[in-house]
Amino acid sequence: MTWLSRNIDLVLELTLEHLWLSLLPIVAGLIIAIPLGQLAWRQQWLRGPMLSLVGLLYTIPSLALFVLLPPILGIGYLSRANLIVALTIYAVALMTRFASDAFASVDSHVRQAAVAMGYDGWRRFWAVDLPLAGPVLLAGLRVVAVSTVSLVTVGVLVGIRSLGFLFTDGLQRNIPVEILTGIVMTVVTALALDALLVLLGRWLMPWSRDGRGRVAARRRRSPRAAVAR
Amino acid sequence: MNLFADAFAWLASPEQHTGGDAIAVRLGEHLLYSAIAVLISAAIAVPIGYVIGHTGRGKQVAVAFSGAARALPSLGLLTLLTLFVGIGQAPMAATIVFVVLGVPSVLAGTYAGVEAVDERVVDAARAMGMTEWQILWRVEAPIGLPLLIGGLRSATLQIVSTAVLAAYVGLGGLGTYILRGINLNDYVQMLGGAIVIVALALVLDAAFSLTAWLAESTTRHRPGNAAKPAVVSHTHPQEGTS
Amino acid sequence: MTLPPQRRRALDRGSVRMSGAVTAATSLVLLAACGGSSDPLDTGAGEEPADASTVVVGSQAYYSNEIIAEIYAQALEVDGFEVERQFQIGQRDSYLAAMESGEVDLIPEYSGNLLQFYDAETEARSPDDVAAALPEALPEGLTVLNRAEAQDADSYNVTAAFSQENGITSLADLASYDGEITVGGNIELESRPYGPDGLAEFYGVEVEFVAIGDSGGPLTKDAIRGGDITMGDIYTADPDLASGDFVTLEDPESMILAQNVVPLADAEIAEDIAGVLDPISAVLTTEDLIAMNARSVSEQLDSATIASEWLAENGLN
């Protein structure tokens, strides 16, 4: 515990840095994935190839991607842009599947009703499709947020400072508490972000209690649940 | 794309196919660690998943556990565990880390598979006098198999991807090329390693797709195979990267 | 569709908020992508510092090197320089690429390994010879300032027991050893002139290599103690080498070069910062390095504290 008491500033600094590195890919991933998901949902023939492609991107190990990107994009090897672009790619890869499911989950009757009420495409997207796809989008975003925060740590192997620094430094200096602190703070950051997203979801989607509505509805329909009880 | 040409030349050069650092050797190490970890993950997660799926209890705990496990940074876990057990036991430390990463996907796939079975089918089985055990074994398990395989697929891809980090604690595997490439600023070597890993992931992915397709086509004639698409896709995103 | 009015209002309110949230998020991303200087994400070393007087100080991914980098950084700050720290940039190949591209302006280096990186065939071995050969070997735009007496070199270490049982105190003794020899070290050691190839060339010893990524840290030492490897690469300023557990094998053929600590700098700023760094190099000794490393490992202090106390002790603050 000596280490922790003497390095509390470092831990806070790294946590903040970690958070910044995580936020942009999460947000960018969502924004890029929404139109892609819409496209995959509208053009059914595109859905298969597109989802295979993003699935493929996701299998590239992060370590490889961090070093692959700089020569392709012409960005600095050590720049945070490198890490942010790599993590955005993963976020998009994860989020596109969720987004396409999210738009597919919108009840087509509701959509038809909106058309009948004279909503044009743009207005229908904002007033009907996006809000109703919200719960599934949120579920996806929560997965993206947590895995992004965890992935940021690998950046330390290419010299990008984050809580991951505590792993390599703690290992060299033989200070287990340092590594443990890194792990705990990464999990705490991830869960804090996750909780924040749930709260944000409640505020943005007052009609749906953080996506639990669907599960509850399914359970109500299920006679088996009653039998099992 | 000169770099890619160089990487393929690197892959083809005879140096990469002899000695202890040969691609086949590294691939073998990588596959061995991954296979052991996937098997242990399945041995732990499938029974628990069946219990959760069948009784409908403990799902919240499983979801919370999966979320927390996804937040765990694998590099940190690997360094900490290796430091505790010593380098001689590093294979054990790495296996534990991979299993921790693999369990949530298999668990989710297993219980989602059981849950996806139409309640009417289960009720019918119960009315026919099947015991709970028989319902699980003869109705829920076969119908849920495609989703279970989906979970295994996610776990496998995640583990294969994370096993790249094993080289950091001296365990070899395909990550050796990437980590050495990074430290030597040798893009070609790194890219060559990455290509092998991506190819491995693709082959495994295809193998699982085929298995899932076979499993699905054997269960398709059964009544009420109601695998809900939304549930299927929610088990996918746990595959992946580290 | 018919919705109760209450639910419908909720839907309306939510969709307005949601549009707002998406717009705000999009602007955030665009802002960050276009990069105002006020953006916290845009301080990456990928770009030239806006202020030409800012010195970007780098360090290796090695805690001891970070302490020296921190000493440089603090001394520069005392002298009025704007300093940006870009510490823990992986191994030599990565950070030298960053030095050459101008992403980093200054980094503490070790003379012999630096020389050998650019001139693998070099014959220079002693501190003076290495220092003399360096300026020639460095690429355009990079230069070294005065070296310190302090050294931190790679060294091969076996357990005291192994040394005694087999009468091995020098790398030259290994040639007569019958057993299999495995060497553990950072993954890039395998490709270094003083790695397995060097051992074969200089001492006629064939070794198996095991990559352990902790820069001669606890895993490497553990592996030596536990017999997982015959010998391991540990840096000579490592405080644990004084523990008596290990015997550092002598290197009579001078396979490993002298490794004096030396500031490697962007040639354009070298003259400006020499006045600050030369006094540091003049007093920094190997004993200082070992003592500071020990504080880092056992007292678990951060590099900034260790650096500022060393500067204070030497009247350089």
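**Exercise 1. How many helices and strands does chain C have?**

Step 1: Recall that helices (H or I, at least four residues) and strands (E, at least two) are DSSP runs, numbered from the N terminus.
Step 2: Count the runs: chain C has 11 helices and 10 strands.

Before going on, note that this is a predicted model, where local features need pLDDT of at least 70, side-chain atom pairs count only at pLDDT 80 or more, and totals for chains, interfaces and linings use all residues. Residues are numbered from 1 along each chain as its sequence is written, while chains are lettered from A and ligands numbered from 1 in the order in which they are written.

**Exercise 2. Which strands pair with β5(C)?**

Step 1: Strands pair if DSSP finds at least two bridges between them.
Step 2: Take β5(C), residues 154-159. Four bridges link β5(C) in the antiparallel sense to β8(C), residues 231-235, with Asn157(C) opposite Gly232(C).
Step 3: β5(C) also runs antiparallel to β9(C), residues 246-248, over three bridges; here Thr159(C) faces Phe246(C).

**Exercise 3. Are α5(B) and α7(B) roughly parallel or roughly antiparallel?**

Step 1: Find the angle between the N-to-C directions, from 0 to 180 degrees, using axes fitted to C-alpha atoms over the stretch in contact. Helices α5(B) (residues 90-115) and α7(B) (residues 132-162) pack at about 160°, with their axes 7 Å apart.
Step 2: Compare with the cut-offs: under 35 degrees is roughly parallel, over 145 roughly antiparallel, 65 to 115 roughly perpendicular and the rest oblique. Therefore α5(B) is roughly antiparallel to α7(B).

Definitions and conventions: A residue is buried if 20 or more other C-beta atoms lie within 10 Å of its own, exposed if 12 or fewer, and partly exposed in between; C-beta atoms are placed from the backbone.
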